[in-house]
Amino acid sequence: MVKKLLSVLKGEPQSPPPVWLMRQAGRYLPEYRALRANAPDFVAYCLNPELATEVTLQPVRRFHLDAAILFADILLVPHALGQKLWFAEGEGPRLDPLEDAAAIAALRYDPAKLAPVMQTIRNVRAAMAADANMANAALIGFAGSPWTVATYMIEGKGGTDHEKIRALAWREPQTFARLMDVLVDATSQYLIAQAEAGAEALQLFESWAATVPAGLFEAAVLNPTARIVANVKAKHPDLPIIGFPRGAGSWLTRYAEATGVNGIGVDQMTDIAAVKVPARVALQGNLDPVLLLQGGDAMRAEAKRLIEAMKGKPFIFNLGHGVMQPTPPDHVAELVAAIRS
Ligand code: 1CP
């Protein structure tokens, strides 16, 4: 039997649609918090195959979702490029920012640093295949897209308007292009290794597409993403790839046409039924995470509206962004039940 998620990514509509949630593993689950309490170093936690396997499986076991998403982080690529990365408690990620062209030229991708991620993928596939409740879930691998990862590498943290990287891209286009090249190459290698370890689909998170000025969108988003997709497909032509350019708004059609992805993640600001993409391209989204936080009738009504609006099209039910930390796990169970009824 073809797994539901994979069949939609081939362009075949399914009713009810497959469902998974961005950030489905994480602090909103008590069983996640219990494991995380004993693993204060977040990078080491992501690179511990036993812990990462368990955390990947937790939401799939609890909610019988149609996909697992590998437990890792988009900032593991800068880590493997030799940039210092740490997570300050309660503050999110910190990196030693790249200050100049010399710092970019010194980056070297060391795939051995991410070998534990491949072990996690093998463990998750084996555990899901052995459990009848999880055997129909597909394992999604992922990476950040170059622009989004580069914002952290240049700014040194999240939560900015990305003025430093925008200034760099306008002022020194060749240095910026060099950084995109380094990230295209490392990310392609990383995703190909994930495919070889057993990832059944891949997602590219372009979480900060909204801060890319229109004049840089081609160089910062479309071109690097298209090159990664082409590199992965050269080795694994049938492996589906989902792109999630959050906040890309009017660029979505161009993104679908220019990058060659099989699916597009849509944020909650966008009218998903009105997004124009080639018929083979699946759309994924886009319930407001606040509705999941809130639960109840409003959540169920909006889920129903989305499913009806996407009827007959290749559609994957998801949120418009990640699960919010204070979300009660029972609301996820209610949402999954509503989608399947
Ligand atoms: O202490 C903790 O437990 C930290 C919370 C956390 C978690 C659970 C971080 C720190 N990363 C993760 C795991 C993670 N990150 C996953 C796998 C889990 C899943 O989806 O179920 C994934 C896919 C990511 C991807 C990720 N990391 C993105 C893209 C998705 C998105 O949310 O837009 C981004 C932007 C990051 C950077 C990052 N890592 C962690 C935080 C808090 C952040 C965001 C920082 C910021 O606001 O800029």
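Select α8 first: its buried residues are Pro146, Trp147, Thr148, Val149, Ala150, Thr151, Tyr152, Met153, Ile154 and Glu155. Here buried means under 20% relative accessible area, exposed means over 50%, and partly exposed is in between (1.4 Å probe, protein chains only). Helices (H or I, at least four residues) and strands (E, at least two) are DSSP runs, numbered from the N terminus.

Before you click on, note that this is a predicted model, in which local features need pLDDT of at least 70 and side-chain atom pairs count only at pLDDT 80 or more, while totals for chains, interfaces and linings use all residues. Residues are numbered from 1 along each chain as its sequence is written, and side-chain values use heavy atoms, with hydrogens and water left out.

**Either side of α8.** Step just past its end to Gly156, where phi is positive at about 85°. Now go to Ser145, in the loop between β4 (138–144) and α8. Ser145 is buried, with a relative accessible area of 0%. Setting aside neighbours within four places in sequence, show its contacts (heavy atoms within 4.5 Å): Ser145 touches Leu204, Phe205, Glu206 and Thr225.

- Tyr32: a polar side-chain atom is 2.5 Å from a ligand oxygen atom.
- Asp73: a polar side-chain atom is 2.7 Å from a ligand nitrogen atom.
- His321: a side-chain N or O atom is 2.7 Å from a ligand oxygen atom.

**Rings.** Rings of Phe, Tyr and Trp (its six-membered ring) pair if their centres lie within 6.5 Å; planes under 30 degrees apart count as stacked, over 60 as edge-to-face and the rest as tilted. That rule gives 11 aromatic pairs. One of them is Phe42 with Tyr45, tilted, with 6.1 Å between centres and 50° between planes. The two sit about one helical turn apart because they are 3 residues apart in helix α3 (residues 42–46). Both Phe42 and Tyr45 are buried.

**The core.** Which residues touch the most other members of the largest nonpolar core? Leu5 and Tyr190 do, in a core of 123 residues. Such a core is a set of buried Ala, Val, Leu, Ile, Met, Phe, Trp, Tyr and Cys residues joined through side-chain atoms within 4.5 Å. Helix α10 (residues 173–197) supplies the largest share, 12 residues. Beyond four places in sequence, the contacts of Tyr190 include Ala72, Tyr109 and Phe142.

Most residues other than glycine have a negative phi, and most peptide bonds are trans. Select Ser15 and Pro16: the peptide bond between them is cis, with omega near -5°. Another cis bond runs from Gly285 to Asn286, with omega near -25°, and Asn286 is in strand β8 (residues 282–287). Finish at Arg23, whose phi is positive, near 60°; Arg23 is exposed, at 58% relative accessible area.

Note on methods. A polar contact is a pair of N or O atoms within 3.5 Å; within protein, one must be able to donate a hydrogen and the other to accept it, and residues adjacent in sequence count only if both atoms are side-chain atoms.
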